Amino acid sequence: MPTPRETILAALHARLSALAASALRGEVLPERVPSEGLLILRDGEPGDPDVTLSPLAYHYQHRAEIEAVVQGDDRDELFDNLCASVGATLAADRTLGGLCDWVEAEAPRSVDLPVEGAASLKAAVIRVSLFYATSDPLG
């Protein structure tokens, strides 16, 4: 049986997979970026939990990361659309179907990355805070 942490990350990945861009989890950047863009979910860091004792619960603010990457001549517009679609997906269900207490994304800081012999990449990391509680610190 998967832990609450894994269940939440899998649910987030499933939400991202429903978008037009390709969505990977924990993979390296492929040699080719799909024309509609690429999202790579990184599990991130659960951080130190706050603890309540009665009943025992560990309250996490888990910080996952979504790498958003586009390539092409119209990469500014593609990037904007990709980030907006991620934001809309998260806003549509802030609890991931009741698995989290709250999901909140931070604004991306984009960079242009030159690629020798090809169109430049535009990329950013979108940090996502996943608020949830579990009865086991390993969960």
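The dialogue below concerns charged side chains.

Analyst: This is a predicted model, in which local features need pLDDT of at least 70 and side-chain atom pairs count only at pLDDT 80 or more, while totals for chains, interfaces and linings use all residues. Residues are numbered from 1 along each chain as its sequence is written, and side-chain values use heavy atoms, with hydrogens and water left out.

User: What is a salt bridge, and how many salt bridges does a search of the whole structure find?

Analyst: Side chains of opposite charge can pair when their charged atoms come close. A salt bridge is defined as a side-chain nitrogen of Lys or Arg within 4 Å of a carboxyl oxygen of Asp or Glu. The search of the whole structure gives nine salt bridges.

User: Which parts does the salt bridge of Arg 15 and Asp 93 tie together?

Analyst: In this pair, the N to O distance is 2.9 Å. Helices (H or I, at least four residues) and strands (E, at least two) are DSSP runs, numbered from the N terminus.

User: Where do Glu 106 and Arg 63 lie?

Analyst: Glu 106 and Arg 63 form a salt bridge, at 2.9 Å from N to O. Glu 106 is in the loop between S5 and strand S6 (111-115), and Arg 63 is in strand S4 (residues 56-71), so that the pair links distant parts of the chain, 43 residues apart. Glu 106 is partly exposed, at 36% relative accessible area, as is Arg 63, at 32%.

User: What distance separates the closest N and O atoms of Arg 94 and Glu 104?

Analyst: These atoms are 3.8 Å apart, and the two residues form a salt bridge. Arg 94 is in the loop between H2 and S5, whereas Glu 104 is in strand S5, 10 residues apart. Arg 94 is partly exposed at 23% relative accessibility, and Glu 104 has a relative accessible area of 33%.

User: Which residues are linked in a network of salt bridges?

Analyst: The network links Glu 6, Arg 25 and Asp 43.

Notes: Buried < 20%, exposed > 50% of the residue type's maximum accessible area, 1.4 Å probe, protein only.
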